[in-house]
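Good morning, and thank you for coming. Today I shall walk through one structure, moving from its salt bridges to its interfaces and then to some local details of the backbone.

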Amino acid sequence: MQTQTLERALATHPFLADLGQEHLHFLTSCVKNARFERDAYLMHEGEPAVSLFLIREGRVALESQVPGRGSVQVETLESGAVLGWSALFPPHYWHLDGRAVEPVLAFELDGECLRKKIEGDKEFGYAITRRLLHVVHRRLERARLQQLDVYKAELQ
Amino acid sequence: MTVQAAPDPMLPEFLPVDRLVRETHDTFTLSFDTRGRGGFAFTPGQFNMLYAFGVGEVPISISGDPARSGELVHTIRAVGAVTRALERAKKGTSVGVRGPFGTSWPVEQYSGRDIVLIAGGIGLAPLKPVIHQVLKRRREFGRLAVVYGTRTPGDILFKKQLEQWATRRDVELAISVDRGDPGWRGHTGVVTTLLGRVSFDASNAVACLCGPEVMMRFAARELEKLGLPNERIFLSLERNMKCALAHCGRCQLGGTLICRDGAVYRRDRVLRLMATKEL
């Protein structure tokens, strides 16, 4: 019963929108609900990346420690976002800190479990990879604009 | 003191500074009391040429409330010799003013529609009069979404005013910074990410964009993806201006002079020009 509830809830996350029922069911055994209080860390830079998070509620700040500047927020992710691709790609270490700036409710996908399912079922693997590619594409677009630092040199 | 309107548009009218309010580390707001000259009428989107005596002249958008004609307000980022000289002004300092010049945000023509305002950095200042205008006649418009991106939390302009607007149920305000600090609990990321956070009906909405040109290009593309046609996207362009009277040609952009035909343009009319390198 609990699994069915989780499966129904999973289907509402934008990342999994239109994923077939069979694939949702297949994925559910890798998933658990996770809650993070304000200022709790979902991930720490340099530590093993064991989970992929699908954010349901709240806001997570991706931060990097910059010598001389302290902690710098590079982006925040909110409901509907996907966090933690490092769990899918070697060497499976986090590249940034992820801190809940608001209480966060998320689906936590076990990285190893997900990798095995992606490798084991090519159709499922394609469906997940295609979604990830779209997320990466959007994130790359944003990163390029951010890199331009457009507000720095504006003249009147 | 009564000051006569200058008959020659090249001659500035000298107005005494009434107030200088610091907005951020590099941005300030200058206010002039214009009641003595019978007010200063303008429409949202227009700009004035401000002359710092003995230093030079710069085009600055008007950032005040158009309904308060007794007060002329400009919000200025100190980035060059003239703007730094203006930053040193005190109450009573004379500043030369020519204007108002340029085209306006055409919001008045779009009553009944959703209004989406996208501002980047100092670009919030030229859009502020539109917000005042829409709020003054709130029932005539659909939803009002204000999307504002800037560099860091310390660069956010008009903080008190934004807080006030954020409490209104008839304004959707979304703010983002490109780089947050540990104390920042708001949104971090480029301004375009906020478009999914505000609600508007793309089939009837009108969007006004003001900020760095690159930001406007990205934001306009996002609006296009959401279904907003170029005919209902307006943006404000900037080039060096000198005379503001379409004489000197300094602000030429292709076949258009920004001081005369802009600064506010409909996107479809400048799309090709904006995509032309080195223009």
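Let me begin with a term: a salt bridge is counted when a side-chain nitrogen of Lys or Arg lies within 4 Å of a carboxyl oxygen of Asp or Glu. By that rule, the structure holds 33 salt bridges over all chains.

Before going further, please note that this is a predicted model, in which local features need pLDDT of at least 70 and side-chain atom pairs count only at pLDDT 80 or more, while totals for chains, interfaces and linings use all residues. Residues are numbered from 1 along each chain as its sequence is written, chains are lettered from A and ligands numbered from 1 in the order in which they are written, and side-chain values use heavy atoms, with hydrogens and water left out.

I turn now to the two chains and where they meet. Taking contact to mean heavy atoms within 4.5 Å, we find 35 residues of chain B touching 29 residues of chain A. The size of an interface is often given as the accessible area lost when the parts come together. Buried area here is the accessible area, taken with a 1.4 Å probe, that two parts lose on being put together, summed over both. For chain B and chain A this comes to about 2900 Å², with 47% of it on carbon and sulfur atoms.

How many salt bridges cross the interface of chain B and chain A? The rule finds six. In one of them, the side chains of Arg179(B) and Asp149(A) meet at 3.5 Å, N to O.

Which element gives the largest share of the side of chain B that touches chain A? That is H4(B), with five residues. For these labels, helices (H or I, at least four residues) and strands (E, at least two) are DSSP runs, numbered from the N terminus. By class, this side of chain B has 13 nonpolar, twelve polar and ten charged residues. In that scheme Ala, Val, Leu, Ile, Met, Phe, Trp, Tyr, Cys and Pro count as nonpolar, Asp, Glu, Lys and Arg as charged, and the others, Gly among them, as polar.

A further salt bridge joins the side chains of Arg185(B) and Asp39(A), at 2.9 Å from N to O. Arg185(B) lies in the loop between strand E9 (172–177) and E10 of chain B, and Asp39(A) in the loop between E1 and strand E2 (41–43) of chain A, so the pair joins two chains. Asp39(A) has another feature: its phi is near 75°, a positive value in a residue other than glycine.

Within chain B, the domain assignment gives domain 1 (13–101) and domain 2 (107–236); such bounds come from an automatic or database domain assignment. The contact takes 18 residues from domain 1 of chain B and 14 residues from domain 2 of chain B. Their C-alpha centres lie 24 Å apart, and the area buried between the two domains is about 1200 Å², of which carbon and sulfur atoms give 64%. One salt bridge is counted between these domains, and Lys136(B) and Asp65(B) meet in a salt bridge at 3.2 Å, N to O.

Two strands pair if DSSP finds at least two bridges between them. Six bridges join strand E3 (residues 51–57) to strand E8 (residues 104–110) of chain A, and the partner of Phe53(A) in E8(A) is Glu108(A).

Finally, two peptide bonds. The bond from Pro90(A) to Pro91(A) is cis, with omega near 10°, and Pro91(A) sits in the loop between E6 and strand E7 (97–100) of chain A. The bond from Gly262(B) to Ala263(B) is also cis, with omega near 5°. Ala263(B) is found in the loop between helix H5 (258–261) and strand E15 (264–266) of chain B. Thank you for your attention.
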